[in-house]
Amino acid sequence: MKLLSLHIEHFGRLADFSYVFEDPLNIILAENGWGKSTLAVFLKVMFYGFDGEMKRNEDGNERLRYRPWGGGVYGGSVTFQKGDRTYRMLRIFGAKKKEDAFHLFDEETGLPSSDFSESIGEELFGIDRDSFMRTVFWSQQSHETQATTMIQAKIGDVAAEQDDFPSYDRAIKQLRREIDRLGPDRAAGQIRKKKDKAAVLEAEAARLPGLQTALAQSRAREQALLHSLEEIRQQRQTYTVASTVSAPAQIAAETDPALSSLQDKYAASKERLSMLQRIRRSTAAQGHRERSAYLQVQKERDRLEQDVAFYEHRAERRYRAAGLLCLVAAVLILFLYLSHVRVLPLLLLPALLSACGLNFLYRSRHAGAAPALMEQLDALREEEKALHASLRALSGRLSRAKQQILEEETRGRRLQAQIRVRAAQGPAEAPKAAPQAPSVKEIADRLAPALTAFDQREETCRQELAAVRQQTEDLRQKIEESTAAADRLTEVRAELTSLQERYAICVQTVSYLEQARGAFTARYMHPFLRSFRKHYGMLTGESAANIETDADFNITVTSQGLPRDPSLMSEGTRDLISLCRRMAMIDAMYPGEKPFLVLDDPFSNLDDARVKGGLRFLHNASYEYQILYLTCHKSRV
């Protein structure tokens, strides 16, 4: 491909500017601020469009940056030759990309041409804009020469199949973004977050057994406190009744032996009543346990009875079938015998005997198996009868205890009544100086300290009960949270496994892609390195034997026995290596028809000796390439 001429209507500071490319090496020497970089960008934009269209500031948005300084038509034209055809490309730029106009004409006929579209740069060079900027176009703003996927594809001569060639850079970037997003070693990584979440949920779920045990203890404590509260109330009532009855009779009892005897009987009645109540409670608890065991035995007995019935029914059916078979065989033998057939009965006799044997085996098998089931069933029936008898005995004991409690309560009430009557009547022969019965106020004063103690005990018990109930509620809520955490933990672990699998797939895919790319480009390493060393020797006059490359066309310089990254070297050396690397890639990318090269002051960081090598390099390269060389200093011409 060859540039013939260009014309700029308005582009940045350049207006109504034309240039004709007459020589292979086209040198433009102009002072700073003339517009050399603007001219270079104009060529790049004509073929590839603007960079940074989504940015708001002029420094990053080329469309804004190169708007005509003095107004006028924004754009221009480029005339070029491709093969044996000559074209004139015209572009007019608007405020936005959709307002741009693109026209292509066949220069010989003057008619519009459809040989290329607005994506003319990619169609002509076989690479995208980023790859163009890393090879053909040397900009003062960027000397990046990292090989893109399209550069590697072009070097591998698969550029004609770009639609089918996987976009390696895009795929790798997406995969690496996904790896970073998942990153198990990154605080913000999804796997790290899921692990932290799982750890929190595990700790919460691990509390569940302890919380359940604490809840059971708390409920038991709550029942104990309720029982204690009921006991305090009963004790208070009993004390109040007893004190109310005994207080008026206390003085009388001192002088009346009959009253004292009644009080002793009443105390013995209360003691017996307390004992009977304890017997009733223990009997009821034992009955509850034995009834549960009785119901369980009944359930097991019913199951065994069903199994035995089913087993016997199946055995009976088989027995009948075997008997029927024997009967049929006997009838058939008899029939054949009466029909004067003597051989067949003899043949059928073994069949009859076999059927009889099978019948015997079935019966023996079932007869041997049934007793084992019946023994278990009999044992369960015996246990059921024993438990039933024990329950009947316990029921009788409980009934008797209840009857005795009723009788004792009646006896106690009768004794209380007798005590009150006896205390009211006084002794038959009371002494003259008999003490007076205490008044109601005296009785209340006597009861007050004990009742206050009962009140204090009851209040303490109530407070403790309220605290235990609050504790029970808190434990119940924590158990719900721990249960929910355990359920959520299963989900989080599944999500974590999925993320880890996805992460492993991404890492493995990146590895495979890099291996595939390395295998694809490795065969071009040595031709690339030979081309690099040729250009390096031309630029520096030095040997490049200490320079090596890898499958990604990265350059390393061996110094003092160790490979060094060029980024650690001086700016001038970096520029030299960058230019040689570009030329080596271009040589490999375009073995046939060569592209033009745009070099915007590539030797600005070189010393005088290396500048001379650079000029020598330009002249030698112009035998193969059309070059537009822009510089601001005579020493670099």
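At what angle do helix H12 and helix H14 pack, and how far apart are their axes? The legends below begin with this pair of helices in the predicted model.

**View 1. The packing of helix H12 with helix H14.** Helix H12, which covers residues 525-540, packs against helix H14, residues 608-621, at an angle of about 130 degrees, and their axes are 6 Å apart. Because of this angle, H12 is oblique to H14. On the H12 side the contact is made by His535, Met538 and Leu539, which meet Arg610, Gly613, Gly614, Arg616, Phe617 and Asn620 of H14.

**View 2. An open sheet of 4 strands.** The strands follow the order E3-E12-E11-E7 and pair in parallel. Strand E3 (25-29) and strand E7 (137-138) each have a single partner strand and stand at the edges, so one side of each is left without a neighbour in the sheet. Helix H1, residues 36-48, lies across E3, E7, E11 and E12, and runs at about 145 degrees to E12.

**View 3. Strand E12 and its two partners.** Strand E11 (residues 596-600) is joined to strand E12 (residues 626-631) by 5 bridges; Leu597 stands opposite Ile627, and Val598 stands opposite Leu628. E3 also pairs with E12 in the parallel sense over 5 bridges, with Thr631 as the bridge partner of Leu29. In a regular strand, the side chains alternate between the two faces of the sheet. In E12 both faces are covered, with Gln626, Leu628 and Leu630 buried on one side and Ile627, Tyr629 and Thr631 buried on the other.

**View 4. A β-α-β unit.** E11, H14 and E12 together make a β-α-β unit that is right-handed.

Definitions and conventions:
Residues are numbered from 1 along each chain as its sequence is written. This is a predicted model: local features need pLDDT of at least 70, side-chain atom pairs count only at pLDDT 80 or more; totals for chains, interfaces and linings use all residues. Side-chain values use heavy atoms; hydrogens and water are left out. Axes are lines fitted to C-alpha atoms, for helices over the stretch in contact, and angles run from 0 to 180 degrees between N-to-C directions. Helices (H or I, at least four residues) and strands (E, at least two) are DSSP runs, numbered from the N terminus. Angles under 35 degrees count as roughly parallel, over 145 as roughly antiparallel, 65 to 115 as roughly perpendicular and the rest as oblique. Contact means heavy atoms within 4.5 Å. Two strands pair if DSSP finds at least two bridges between them. Buried means under 20% relative accessible area, exposed over 50%, partly exposed in between (1.4 Å probe, protein chains only). A crossover is right-handed if, with the strands pointing away from the viewer, the path from the first strand over the helix to the second runs clockwise.
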